[in-house]
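Okay, thanks for coming, everyone.

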Amino acid sequence: MNIKKTRHKSGGKATKQPGSRKPTKADKADIHALYEQSVQSTEFEYEFIDTNFRRIRGRKAKLLREDFCGTAQMCCEWVRGRKSNHAIGVDLDADVLQWGREHHIAALKPEEKARVTMLQENVLSVKADPVDIVVAMNFSWQIFQQRSVLRDYFASVHAGLADDGILFLDSFGGYDAYREIEEKTRHKGFTYVWDQASYDPVSGRMLCHIHFNFNDGSRLKKAFTYEWRLYGLPELRDILLDAGFSNVTIYWQGWDEDDEPDGNFQPATVGEADPGWIAMVSAEK
Ligand SMILES: C[S@@+](CC[C@H](N)C(=O)[O-])C[C@H]1O[C@@H](n2cnc3c(N)ncnc32)[C@H](O)[C@@H]1O
């Protein structure tokens with residue numbers, strides 16, 4: 001995660017010092033707020049994991065660990081959901097955790113705040129109470145580019161789950177995922193740009209950036225950068241089973257009347273050869 005402020009030149013006059021010109025929308029932007037608006041849907045994720053945990057285990061989950069939690073929005077969604085829900089957020093980055101405390105934890109009721117724990121730790125080595133659910137969303141687990149390290153991560157998640165615990169994560173793919181392309185999504189006052197800057201078919205390594213363009217012409221380039229390995233679903237399933245999980249389910253979504261993804265993810269044994277897809281995955285201990 002990095003933010004760069006640029007200097008401007010106008011009419012050949014001496015470079016104007018920042019602060020003397022009217023700040024642009026990019027200067028004033030809050031990248032975490034823009035990120036959440038662009039790529040997070042914690043209400044959907046809450047419904048999906050809570051419903052499928054109950055479907056698989058026949059009971060309500062209570063203790064959730066949000067790995068790669070970032071701003072910990074899912075932790076807060078979870079504790080607001082039920083008085084018996086507790087959440088642990090784990091992230092390496094102190095800045096994003098602090099943003100989460102100031103913007104999400106601070107907005108919780110006192111009794112809800114008491115049910116959230118934030119840990120600035122590495123998910124590979126974090127030690128916490130056994131949990132019912134671990135979530136690893138927005139493809140963060142792909143940061144582990146070596147198969148053995150990803151397997152070790154999944155094995156440590158497996159060890160950190162209660163006996164009937166479940167890991168939930170998401171995955172993306174389709175033939176567009178391998179292309180070096182940009183995808184733009186308009187939002188109120190800004191455009192979210194997902195930039196697949198490079199893909200190497202030999203290592204499976206991909207370099208992606210998130211940019212934000214504003215309607216005053218200003219831009220936040222590389223607000224976030226991700227160096228990932230693009231894992232396929234069969235590969236992911238094999239690594240989860242190698243790590244000790246007993247059953248892996250892939251969930252595929254359908255299409256609505258406007259031919260848009262309908263967000264209704266159902267267990268699937270066959271998918272569609274779409275240009276771009278997102279799948280949900282559950283792995284049972
Ligand atoms: C793509 S963001 C995901 C944020 C959030 N989970 C979401 O769904 O949008 C990835 C986050 O993972 C964190 N991260 C990367 N490697 C990590 C590791 N080994 N242990 C803990 N956090 C890590 C980064 O600091 C970043 O906040």
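Predicted model: local features only at pLDDT ≥ 70, side-chain atom pairs only at ≥ 80, totals over all residues.

Residues are numbered from 1 along each chain as its sequence is written, and side-chain values use heavy atoms, with hydrogens and water left out.

So, what touches the ligand? The side chain of Asn122 has an N or O atom 2.9 Å from a ligand nitrogen. On Tyr35, a polar side-chain atom sits 2.5 Å from a ligand oxygen. With Met137 it's the backbone: one of its N or O atoms is 3.5 Å from an oxygen of the ligand. Alone, the ligand would expose 610 Å², and the protein buries 90% of that (Shrake-Rupley areas, 1.4 Å probe; for residues, only the protein chains shown count as cover).

There are 18 residues around the ligand, and Tyr35, Gln40, Phe68, Asp91 and Asn138 come nearest; being near takes a heavy atom within 4 Å.

Now the helices, which, like strands, are DSSP runs numbered from the N terminus (helices H or I, at least four residues; strands E, at least two). Helix 3 covers residues 42-57. Its buried residues include Glu45, Tyr46, Phe48, Ile49 and Asp50; buried means under 20% relative accessible area, exposed over 50%, partly exposed in between, with a 1.4 Å probe and protein chains only. Just after helix 3, Gly58 has a positive phi of about 65°.

Over in helix 7, residues 147-160, the buried set is Leu150, Tyr153, Phe154, Val157, His158 and Gly160. Strand 4 and helix 8 are among the elements covering them.

Last stop, loops. Most residues other than glycine have a negative phi. Ala72, though, has a positive phi near 60°, and sits in the loop between strand 1 and helix 4. Asp259 also has a positive phi near 60°, in the loop between strand 10 and strand 11. Buried or exposed? Ala72 counts as buried because its relative accessibility is 0%, and Asp259 counts as exposed because its value is 58%.

How values were computed
Polar contact = N/O pair within 3.5 Å; in protein donor to acceptor, adjacent residues only side chain to side chain. Expected span 1.5 Å × (residues − 1). Contact = heavy atoms within 4.5 Å.
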